[in-house]
Amino acid sequence: MAYVITQRCCNDASCVSECPVDCIRPTPDQPEFATTEMLYIDPDTCIDCGACVDACPVEAIFPEDDLAASLARYRDINADYFQRHPLESNFDPIVTPARPPKELGTLRVAIVGAGPAACYAADELLRRADVEIEMFDRLPTPWGLVRAGVAPDHPGTKTVSSMFESAFRRETLQYYLNVEVGTDISHDELLRHHHAVIYAVGASTDRHLGVPGEDLPGSHSATEFVAWYNGHPDYADRTFDLSGERAVIVGNGNVALDVARVLTVDPDELAKTDIADYALDALRQSNIREIIVLGRRGPLQAAYTSSEFLALAHLKGVDVVVEEADLELDQASRAILDDPKVEPSLTLKYTLAEEYVAGRRAEGNKRIVFRYLASPTALIGADRVESVEFVHNELVSEGGQLVAVATDRTESIDAALVLRSIGYRGEPVGDLPFDERRGVVPNEHGRVIGADGIPISGVYVSGWIKRGPRGVIGSNRVDSEETVEQLLSDFTTGKFGVPQGNRAALKTLLAQRQADLVDRAGWRAIDQAEKAAGKSAGRPRVKFTTREDLLKAARG
Ligand code: NAP
């Protein structure tokens, strides 16, 4: 019997180094790792020891004999990967990275942000150096997108926060939550109290379509909708009109799929999750019966991962619809699919679309309809969105990519709600340099680079503000390890001055600046109160969704 990696895989590769027979691929040092949708276990080599199961932070690995029906297909998905990439064992000994010499003393690092990139960076620092870390977040809660982005019906993915929670029990890491860097404390003040600052602030805004009507009532960014249903305090007062029967989602990445699921699954299923109570109430009143997901490119170029696309097939009461005509491939896409070296995940994406063409159509079911090669040109309505006009595209090869180019064929769909799910976007961070085009802080392997092309001493980035908004939660592990590697190398080679202020001085300063800061005890109080409220309702937690309630719980 072998173990099988399934849908929830977060790509953080914790399992790879735990496998005694080295049968999990791709590994972080392989080129395929950067683009892989998930990791895979070679069934012919697996010795059934279960070490990977214990290492997995998101409970994505199961014995093949225990796979639920919705995950059964992953047995073949894991095996297929090794047909294309036969396992070559890597006998390189694991090298334990050198720690900075003791005589350098304790390294002091401020980490701005408390999401996955921040937490993986902190975890790596704690493992590799004698370090004191102060972690800042402008929200009274940690975990960033794990709390406010991961869909509530993916509770397994959220378990990664338990891993961080137990890694951060030590006093060497202090939380300063509800503290905004740039308002409550400046960048210069942070640098005065630490050797280095890592910004792991994510990508907090969204891209724009740039079409007429985009700002009409009824048109929202998906990022706003996601933050709303996840109880983010800055979005709790938003309202979404769910009274119409049809919604259009523009873009077909994994966020689009999250949103399509939340809008269509039975609210009784969502009631078992940590979804915000007000969102659950609104979804119970929703009239939406059909979601149209518009992708500007073809089914092979869709941005969703095949695992998330596959999971839709198992939604109760929801039909997934693809029109046969939409699966006609242009010559270049056909050549990609017919290439014997095609990635199995890409073949699976297309196969699934074919299965959805012929899939279930039950009367009374809600529908998620995928349309491809379609770009909105205008959102139409007198004083709110009533319809979406779009143009059919064709694919043209440009700079090694197949890009969408409009044809003269147009169409219109009635819809009362439009969610633009075309990607997150990073925002400038204080006075740090900023690449407006990519929405990232310019950096080399995590070292922030100034306008003169030279690294700015003591300033680093990690996560989406470093590499742009792509990759799953665990992708931040390798990313943060790279940043920490640069930081430790700079510390070891004497590139930092000695901080003028210590931990006690920082604490005094922050107590003067932000009376409502939330520390470890405060967060623990919030966490326990939310979990206790959830327990009686059989839910993982019931979230506080306003700052006032969060701060009250923190004090309580
Ligand atoms: P994404 O994967 O980058 O998808 C963005 C989508 O918007 C793509 O379909 C893109 O098309 C389209 N798009 C961009 N500009 C457009 C325009 N002007 N007009 C029409 N369409 C446009 O972004 P995301 O869905 O926000 O996800 C962000 C990251 O988080 C991804 O790496 C995703 O996998 C990850 N995530 C993972 C999960 C999960 O594992 N369950 C859940 C949520 C998010 P093109 O491809 O043509 O550019």
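Tutor: Let us begin with a term: two strands pair if DSSP finds at least two bridges between them. Please also keep in mind that this is a predicted model.

Student: Okay, so which strands form the open sheet, and in what order?

Tutor: The open sheet is formed by 6 strands in the order E10-E18-E11-E12-E14-E13, and their pairing is parallel. Strand E10 (219-221) and strand E13 (318-322) stand at the edges with a single partner strand each, so one side of each has no neighbour in the sheet. From one strand to the next, the twist averages 20 degrees.

Student: How many bridges join E12 to E14?

Tutor: Strand E12 (residues 290-294) is joined to strand E14 (residues 366-371) by 5 bridges, and the two run parallel. To find one of them on your screen, look for Ile291, whose bridge partner in E14 is Ile368.

Student: And what packs on the sheet?

Tutor: Helix H9 (residues 222-229) does, touching E10 and strand E18 (417-420), and its direction makes about 75 degrees with that of E10. Helix H10 (residues 254-264) lies across strand E11 (246-250), E12, E13, E14 and E18, and it runs at about 160 degrees to E14.

Student: Let's zoom out. How many helices and strands does the protein have?

Tutor: The secondary structure comes to 20 helices and 22 strands. The radius of gyration is 24 Å, close to the 24 Å that the globule rule gives for 556 residues, so the protein is as compact as a globular protein of that length. Along the principal axes, its C-alpha trace spans about 70 × 60 × 55 Å.

Student: What share of the residues counts as buried?

Tutor: Of the 556 residues, 54% count as buried. The accessible surface comes to about 24500 Å², and 49% of that belongs to carbon and sulfur atoms. As for contacts with a separation of 6 or more, 76% of them are accounted for by residues 24 or more positions apart.

Student: Can we look at one helix up close? Which residues of H18 are buried?

Tutor: In helix H18 (residues 503-513), the buried residues are Arg503, Leu506, Leu509 and Leu510. Seen down the axis of H18, they fall within an arc of 125 degrees, so they line one face of the helix.

Student: New topic: what about the backbone at Pro26, is the peptide bond from Arg25 cis or trans?

Tutor: The peptide bond from Arg25 to Pro26 is cis, with omega near -10 degrees, and Pro26 has its place in the loop between strand E2 (24-25) and strand E3 (40-41). For context, most peptide bonds are trans, and most residues other than glycine have a negative phi.

Student: So where is Asp22, and is it buried or exposed?

Tutor: Asp22 is in the loop between helix H1 (14-18) and E2, and its phi is near 55 degrees, a positive value in a residue other than glycine. With a relative accessible area of 15%, Asp22 is buried, because the cut-off for buried is under 20%.

Key
Residues numbered from 1 in each chain as written. Predicted model: local features only at pLDDT ≥ 70, side-chain atom pairs only at ≥ 80, totals over all residues. Heavy atoms only, no water. Helix = DSSP H or I, 4+ residues; strand = E, 2+ residues; numbered from the N terminus. Axes fitted to C-alpha atoms, helices over the stretch in contact; angles between N-to-C directions. Contact = heavy atoms within 4.5 Å. Rg over C-alpha atoms; globule rule 2.2 N^0.38 Å. Buried < 20%, exposed > 50% of the residue type's maximum accessible area, 1.4 Å probe, protein only. Areas by Shrake-Rupley, 256 points an atom, 1.4 Å probe, with all protein chains shown as cover. Arc of directions from axis to C-beta.
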